[in-house]
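Let's take a walk through this model together, one piece at a time.

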Amino acid sequence: MTDFDAGKIAEIHEHLHSHLPSESALRVKALETLLVDKGLVNPQTIDAWVEAYTEEIGPKRGARVVARAWSDPEYRKRLLEDAPAAIDELGYLGKATAHLKVVENTDTVHNLVVCTLCSCYPFSILGIAPAWYKAAAYRSRAVRDPRGVLAEFGVEIGDEVEVRVWDSTAELRYLVMPQRPAGTEGMSEDELAELVTRNSMIGTDRVLGRE
Amino acid sequence: MDGIHDLGGKQGYGPIEVNDDGDPFHEEWEGREWGIAQCARTPGITIDWWRHCRELIMPIDYLGRPYFDSWAQTDFSTYIEAGWMTLEEVAGGKGGTDDAAHGEPPAAMTLQQVLQEDHDHAHRFDGDIDAAPAFSVGQRVVTASHGHAGHTRLPQYARGRTGTVQAYNGAHVFPDLSAQGIEVHQHCYNVVFAASELWPEASGSKDKVCLDLWESYLSEA
């Protein structure tokens, strides 16, 4: 049973600092071995979770949501009003998306999502977050120097555009809806989905469909 | 707590590694740890307690070790604290000091079952409370000047600052108490701050920073 004893946890971390093997692979191997030996997990269930987030759940889901919103004004309206219900229409509701909000880029607004306190991310529609999203460099600077961060990603933001940074401090999660690129009027939803990058749904990409 | 995890606005962490191949896991152990974190949770644990346990990792490890490695260490700490395993077992690298603790593993879940669980894990954190919200959309609010030694979701960079309520999110589980195992709902708002209110170098900027904040973090401005 969990005791919620922070002092004890701090002590445990000191011990782990000294006694765990230094190689990450060995640490995780030790963790899995202990859990399996004790009958607390089934390794095949771990296999299934890895497969789910490698083969099934990932940014293709978010791209589908964005492409549908671009193609179907009624869907777009539902998505902006009640994103969890709208993504559930596609079967994508899940881990960390029960309080999803979609924020829309326009000619004068660019949205950027970060979690400065940990690494909150809308797993069930974007999958596992990229390494940079979870690293100190991005988490520290996205709220303070968003234009500098965007420039590092090759995204230039004009003076006429307001940058809105969303720091994921509660259980709400944010998905950026990028702007539909010009010249894509005749494209099908499938073709449009191909244009939507993962970074554009976090906000570190802006103009889509360029070679 | 004013820990190393509270990174917003800190300087000196260098350029961002923007190149990413899009693979969810780059080493096998990262995927194993992801899977473990999904299916091995101690009874009574809350997401806020787990986050606090990660915040309590020594700063040298928090900053110096790979991301999923910090998840593994967080899991170790919660398992040891809850009595699932001992420090001696962990240091020895093997379970086996206590035969009674050994049991049959739970049944294996298939991919379809895991996908269903992911869908069912769309956990909601909002609930009804009697009190009416103290603030309304459009109202100016000022954030608390200080945090406390426990888990909290008001980052240092946004303390003692004035912003505007731009949305009411409903009453959400209050993380500061949830990290102590106490589930209490409290009104939660999205508050928008001018970048110039937060950062000296942002004077004249039109940019904004938006945070979801609980009512007890806020006062009328």
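A residue is called buried here if 20 or more other C-beta atoms lie within 10 Å of its own. By that count, 40% of the 221 residues of chain B are buried. Please keep in mind that this is a predicted model, and that the values below are computed from it.

Start with the overall outline of chain B. Its C-alpha trace spans about 60 × 45 × 35 Å along the principal axes. Chain B holds eight helices and six strands. If you follow them from the N terminus, the order is α-α-α-α-α-α-β-β-β-α-β-α-β-β.

Next, look at how chain B is divided. The domain assignment gives domain 1 (28–120) and domain 2 (126–220). The C-alpha centres of these two domains of chain B lie 31 Å apart. Where they meet, domain 1 of chain B supplies seven residues and domain 2 of chain B supplies five residues. The domain 1 side of this contact has one nonpolar, three polar and three charged residues.

Now zoom in on helix α4 of chain B, residues 67–81. In all, 102 residues of chain B are in contact with 86 residues of chain A. Several elements of chain B give two or more residues to this side, including α1 (28–39), α2 (47–55), β3 (162–173) and β5 (208–214). The largest share, 10 residues, comes from α4(B). By class, the side of chain B that touches chain A has 50 nonpolar, 29 polar and 23 charged residues.

Finally, find the place where strands of the two chains pair. Strand β3 of chain A, residues 162–167, runs parallel to β5(B), and the pairing has four bridges. To locate this spot in the viewer, look for A:R164, which stands opposite B:K208 in β5(B).

Definitions and conventions: Residues are numbered from 1 along each chain as its sequence is written. Chains are lettered from A and ligands numbered from 1 in the order in which they are written. This is a predicted model: local features need pLDDT of at least 70, side-chain atom pairs count only at pLDDT 80 or more; totals for chains, interfaces and linings use all residues. Domain bounds come from an automatic or database domain assignment. Two residues are in contact if their C-beta atoms, placed from the backbone, lie within 7 Å. Ala, Val, Leu, Ile, Met, Phe, Trp, Tyr, Cys and Pro count as nonpolar, Asp, Glu, Lys and Arg as charged, and the others, Gly among them, as polar. The expected span of a helix is 1.5 Å times one less than its number of residues. Two strands pair if DSSP finds at least two bridges between them. A residue is buried if 20 or more other C-beta atoms lie within 10 Å of its own, exposed if 12 or fewer, and partly exposed in between; C-beta atoms are placed from the backbone.
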